[in-house]
Amino acid sequence: MLMLSDRRQRVLAALIEEYVAYALPVGSRTLVERHKLGVSPATVRNELSVLEEAGYISQPHTSAGRIPTDTGYRSFVDELLRSELDLSAMDESTEKAVQQLRDSASELDDLMEHTSAALAHLTDCLSIVLPPSTLSLNIRQLSLLSLTPYRVLIVVVSDKGRVLNRAVDFDHPIDAQVLAHAQDILSHVLVGHNFREMKNRMDLDTISALRDPLIHQLLSELFICLQEGGVGHAHKVGLSTLIQQPEFQHPETLAPVLQLLENNTVMVHLLDNIEDSEEPVVRIGKENDNECFNSVSVVAAKYGRGDDEGVVAVIGPTRMNYVQVIRAVRAAQRTLKGE
């Protein structure tokens, strides 16, 4: 791959800025008139030819201007991350949004929901906040509520305000006293701890009780409740904005993306391999594992540590404003960390 000189990097950056703003192929005349590149129009045309030959930009039609390729965006983002530009800096609107988040969110769920909404507003893209694994949340309260003699509702409240529930159906009626006894046993093992620590909380009486078919079934259903809560509780905002982008005006382009975004398991897998780094990870187009995501970029960062680790991310067209999105993701990351 051709290493870009400072001048070619400036020309590429100017072209990307224009394309991000207007979603139209960019000609050399536009670059000369709108950007102070310090070189002649002939030099700009020559540099565009070199960039195209090297695969950083392409020309959709013979008479059209150029557009960035995934390779061009990658070079631009890498240079952006290496530059002295303070990508952690927030403009006035971002600072205001972050402060409102801190002031208005009373519980973790509120904070994640508000953070996702603010990200969507700041970036005009789809924003996603994945909570920490529910298997690692300490349980503050566990309740078994009888809906009918044959149907029980499991309700779990975590120490951070998360509320999860799951209805369980039985083939035989469950007596209220039996249900209360089951709640006492499960509460003894789990309240004040998390599901992953449960084995360390078992004494001989508890182990004996767990052999009871009712307790065993309730425990299995509780595990499913926590698992589904972790996958299904992702906070997604901005899908309507995403589908209005020019790149997704055609159903054949939009449909695969929507199908994947509706599949929580696929979406979690998409964000699951984020490196353990303080810096946001940027995946552009074909760098994403699933080919249905070849038309989008993902900017994601982890917040929290260990078992309390979650992910905040923005998904948008490869033609996204990377400076703005990276800054917004960093701001959201710090907010969710409580900084």
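Q: How many bridges join S4 to strand S5?
A: In this predicted model, 8 bridges join S4 to strand S5, which covers residues 151–158. The two strands run antiparallel.

Q: What is the bridge partner of Ile139 in S5?
A: Ile139 has Ser158 as its bridge partner in S5.

Q: What sheet do 3 strands form, and in which order?
A: The 3 strands form an open sheet in the order S4-S5-S6, with antiparallel pairing. Strand S4 (139–148) and strand S6 (163–169) are at the edges. Each of these two has a single partner strand, so one side of each is left without a neighbour in the sheet. From one strand to the next, the twist averages 15°.

Q: Which helix packs on the sheet?
A: Helix H7, residues 176–190, packs on the sheet and touches S4 and S5. The direction of H7 makes about 160° with that of S4.

Q: Changing topic: how many residues has the largest nonpolar core?
A: The largest nonpolar core has 44 residues. Leu31, Val312, Tyr322 and Val329 are those with the most contacts inside it.

Q: Which elements each supply at least two residues of this core?
A: The helices among them are H1, H3, helix H4 (70–82), H6 and H13. The strands are S8, strand S9 (296–303) and strand S10 (310–317). The largest share, 8 residues, comes from H13.

Q: And what does Val329 touch, not counting residues up to four places away in sequence?
A: Leaving out residues up to four places away in sequence, Val329 touches Leu119, Pro280, Val299, Ala300, Ala301, Val312 and Val314.

Q: On to charges, then: how many salt bridges does the count come to?
A: The count comes to 11 salt bridges.

Q: Which side chain meets that of Glu47 in a salt bridge?
A: The side chain of Arg8 meets that of Glu47, at 2.6 Å from N to O. This pair links distant parts of the chain, 39 residues apart: Glu47 is in helix H3 (residues 41–53) and Arg8 is in helix H1 (residues 6–22).

Q: Is Glu47 buried or exposed, and why?
A: Glu47 counts as buried because its relative accessibility is 1%, and buried means under 20%.

Q: Which residues are linked with Glu47 in a network of salt bridges?
A: Arg7 and Arg8 are linked with Glu47 in such a network.

Q: What about Arg66: with which residue does Arg66 form a salt bridge?
A: Arg66 forms a salt bridge with Glu52, and their closest N and O atoms are 3.0 Å apart. Arg66 lies in the loop between strand S1 (57–58) and strand S2 (67–68), while Glu52 lies in helix H3, so the pair ties together parts that are 14 residues apart in sequence. Arg66 is buried, with a relative accessible area of 15%, whereas Glu52 counts as partly exposed at 27% relative accessibility.

Q: Where are Glu279 and Arg330 in the chain?
A: Glu279 is in the loop between helix H12 (264–272) and strand S8 (281–284), and Arg330 is in helix H13 (residues 322–337). The two are 51 residues apart, and their side chains meet in a salt bridge of 1.9 Å, N to O. Glu279 counts as partly exposed at 39% relative accessibility. Arg330 is buried, with a relative accessible area of 12%.

Q: Now His35: where is its place?
A: His35 is in the loop between H2 and H3. At 13% relative accessibility, His35 counts as buried.

Q: What does His35 touch, not counting residues up to four places away in sequence?
A: With those residues left out, His35 touches Ala14, Glu17, Glu18 and Thr30. A polar contact of 2.9 Å joins the side chains of His35 and Glu18. His35 and Val11 are 24 residues apart in sequence, and their C-alpha atoms are 8.9 Å apart in space.

Q: Last topic, the backbone: what is phi of Ala23 near?
A: Phi of Ala23 is near 55°, a positive value in a residue other than glycine. Most residues other than glycine have a negative phi. Ala23 is found in the loop between H1 and helix H2 (28–34).

Q: And what phi has Asp124?
A: Asp124 has a positive phi of about 55°, although it is not a glycine. Asp124 is found in the loop between helix H6 (108–123) and strand S3 (126–130). At 45% relative accessibility, Asp124 counts as partly exposed.

Key. Residues are numbered from 1 along each chain as its sequence is written. This is a predicted model: local features need pLDDT of at least 70, side-chain atom pairs count only at pLDDT 80 or more; totals for chains, interfaces and linings use all residues. Side-chain values use heavy atoms; hydrogens and water are left out. A salt bridge is a side-chain nitrogen of Lys or Arg within 4 Å of a carboxyl oxygen of Asp or Glu. Helices (H or I, at least four residues) and strands (E, at least two) are DSSP runs, numbered from the N terminus. Buried means under 20% relative accessible area, exposed over 50%, partly exposed in between (1.4 Å probe, protein chains only). Contact means heavy atoms within 4.5 Å. A polar contact is a pair of N or O atoms within 3.5 Å; within protein, one must be able to donate a hydrogen and the other to accept it, and residues adjacent in sequence count only if both atoms are side-chain atoms. Two strands pair if DSSP finds at least two bridges between them. Axes are lines fitted to C-alpha atoms, for helices over the stretch in contact, and angles run from 0 to 180 degrees between N-to-C directions. A nonpolar core is a set of buried Ala, Val, Leu, Ile, Met, Phe, Trp, Tyr and Cys residues joined through side-chain atoms within 4.5 Å.
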